[in-house]
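Please open the model in your viewer and keep the selection panel at hand.

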Amino acid sequence: MRYAIIGAGLAGLVTATEIRRADADATIDVFEADDRIGGKLFTVPFASGPTDMGAEAYLAFRADATAYFEELGLGELLRYPSGLRSLVYSGGQTHPLPAVGVMGIPSSSEPVAHLVSAESAARIDAEGDQDTIAWPVGGDLNLGALVRERYGDEVVDRVVSSLLGGVYSCLADDLGVRATVPQLAAAFDALATAGEKVTLSGAVARVESQRPAPSGDPKPVFASFDGGYAVVYEALAEASGADIHLDAFVSGVTRGVGGFTITGAGEGTYDRVVFATPAPTTAMLLRSLSPEASVALKSIKLASSVVVGMKFDSSAGLPDNSGVLVAADEPDVRAKAFTLSSKKWPHLGERGGALVRASFGRFGEDEIVRADEDDLVDWALDDLQTVTGFDGREAGLAEIYVQRWFGGLPRYDETHLATVEAVRSELASVPGVEVTGAWAGGVGVPAVIADARAAVARLLG
């Protein structure tokens, strides 16, 4: 059996590995338009050690992802954070990031009282007295619009968008409730189905009440890898036993009597093909195989961002926190977040000095992604000093790496899940074809792995 996989990012490499596990004699060709594997996982060889310039961690409570990494022989390389708290920069100073609620959305004003006005706090506490929310059971609504309507602008701009900006490179106003905070959508469903009044505070409280009580030895929320994510995508490439073709731009895929033909790369025909590419690319490549799926995919928009990685000779003056988020309504600060990596990850702190990642860009802010590298570095240093007081120039800037992620993340708006469902429905009638990727099953590493494995299961049926 001959398989063609378009894309050698995480989704494509997991797909190849799963096919190999199921079919040891398979011929697997992976076509990657870039000059490297890994996609949005990218580990840069700093002189001080491997440093991630894409995703840097995954949600460790996803036991399925951890088990998968252990199956790849990477268990001994897993590393866990220091446990230092994160901050949010708002009103010209840093504050503790609220530790309760749902993605920054509180059930009462108490967790966010230090970030919002007295008027906003009173509005939050009185939200339960408002009219019921017209929640579409099983459907979705715009997250930012909903929270603004019920709690006001300050909660959205200073907390919710700050948290979501790092995950989706979007403001809350660009995202859907079910698409990004499914547990909150489930709580809305439950309230509406039971005939109870549907309120935002009530739904958040419902989610909070269902969380397990903290144990004496809480498990870390996040995990990373000694050696960076390169150890993951290199292990997958080896485990797949696939022929990986770099700089192999695929311009089209057609089906003929003998199977699928790859235009622009590849030789011969293939029995099955998997598209592990961003939504716009997948839309283009599906035009002849499933015009309806192609049209649906074109509606998915992408958000761009930039990561500026900086290694300093000294860490003196850097706060003892894992990171700082920047409120979306904060003037004169271009960065949306700083990860204080050498504080967050003990294995990186052991290198000495300080390692900091500055993040820029949200959906619709492509101009900042296209800015000159010198400007981006200056903005990162200036904003870092403004937000934390740490003078990176004085500390000695030893290494810099600027990574631009054009169209790096799909926008998970209130129509996104319906779009994905429509695409999958159309492709169900196209045998031998599957799709996977961050647009299909979620942007986090565990979600991408799970979606790729499910796609292979459907493909091999």
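How many residue pairs are in polar contact between domain 1 and domain 2? The count is 1 residue pair, both residues at pLDDT 80 or more; a polar contact is a pair of N or O atoms within 3.5 Å, where within protein one must be able to donate a hydrogen and the other to accept it, and residues adjacent in sequence count only if both atoms are side-chain atoms.

This is a predicted model, in which local features need pLDDT of at least 70, side-chain atom pairs count only at pLDDT 80 or more, and totals for chains, interfaces and linings use all residues. Residues are numbered from 1 along each chain as its sequence is written, and side-chain values use heavy atoms, with hydrogens and water left out.

**The domains.** Select domain 1 (2-39 + 228-301 + 413-460), then domain 2 (99-210), then domain 3 (302-410); these bounds come from an automatic or database domain assignment. The C-alpha centres of domain 1 and domain 2 are 35 Å apart. Their contact (heavy atoms within 4.5 Å) involves 4 residues from domain 1 and 10 residues from domain 2.

Next, select residues 10-22, which form helix H1 and include Thr 15; helices (H or I, at least four residues) and strands (E, at least two) are DSSP runs, numbered from the N terminus. Is Thr 15 buried or exposed? Thr 15 is buried, at a relative accessible area of 1%, where buried means under 20%, exposed over 50% and partly exposed in between (1.4 Å probe, protein chains only). Finally, display Ile 5, Val 274, Thr 436, Ala 452 and Val 456: Thr 15 touches these residues, its neighbours within four places in sequence being left aside.
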